[in-house]
Amino acid sequence: MASRSDATPASPRAGLSVRKKLATIGVLAAGALALQALSQWSQSHALMINESESLPNWAFLVEAGRFPARGDYVIFNPGRDPLVLKYFGETPSAFAKIAYGVPGDVVSREGSDVLVNGKTVAKLKPLTRLGDRLEAGPVGRIPEGCVFAGTDHKDGFDSRYAAIGFVCGNRLAGVGRPIL
């Protein structure tokens with residue numbers, strides 16, 4: 001009787017099992033969905049570094065397309081007023097401030113105090129640190145689609161001054177959440 005010791009061993013089954021193939025397909029599909037979600041998320045979100053001293057936070061996660069509520073951090077384009085261009089250049093970075101007033105709120109002044117709905121939110125200065133004249137910003141009811149963006153910092157450059165005014169429409173970049 002012949003011995004089986006000289007026979008070649010059975011070869012393992014070539015390729016992946018059905019279970020491993022399905023797991024691989026699942027991992028690849030989950031990865032593709034995650035990349036797609038990240039791509040969509042990045043179209044409406046950005047990281048902003050705050051270069052000013054007017055807020056205690058220096059980094060914000062910005063969500064575009066959301067209108068700020070009172071108290072939210074609002075990220076906006078400061079506009080093209082000559083004073084903005086003089087201090088911040090031809091292409092100024094976005095500003096981060098607090099939405100102190102929203103549509104329908106009333107902005108008023110008492111001396112150098114700027115009030116929103118009767119509550120003091122900021123103080124006016126007559127001159128910039130370099131001696132340029134600062135004109136007081138708008139008063140009255142905040143129009144639809146606009147916010148009064150400010151900070152309580154003594155040197156804040158915001159809606160309390162005419163060079164910034166109410167922040168409306170396409171100047172609004174989004175709402176920020178401080179992360180650092």
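I looked up Ile49 and found it partly exposed, with a relative accessible area of 44% (buried is under 20%, exposed over 50%, partly exposed in between, with a 1.4 Å probe and protein chains only). The model is predicted: local features need pLDDT of at least 70, side-chain atom pairs count only at pLDDT 80 or more, and totals for chains, interfaces and linings use all residues. Residues are numbered from 1 along each chain as its sequence is written, and side-chain values use heavy atoms, with hydrogens and water left out.

I placed Ile49 in strand β1, residues 45-49 (strands are DSSP runs of E, at least two residues, numbered from the N terminus).

Next I turned to the sheet. I found an open sheet of four strands in the order β7-β6-β5-β8, with antiparallel pairing (two strands pair if DSSP finds at least two bridges between them). β7 (119-123) and β8 (140-141) are at the edges with a single partner strand each, so one side of each has no neighbour in the sheet. I checked β5 (residues 106-110) against β6 (residues 113-116) and found antiparallel pairing over four bridges. Ser108 has Leu115 in β6 as its bridge partner.

Last entry: Asp158. I found Asp158 in the loop between β9 (146-150) and β10 (167-168). Asp158 is buried, with a relative accessible area of 0%. Its side chain makes a polar contact of 2.7 Å with the side chain of Arg160 (a pair of N or O atoms within 3.5 Å; within protein, one must be able to donate a hydrogen and the other to accept it, and residues adjacent in sequence count only if both atoms are side-chain atoms).
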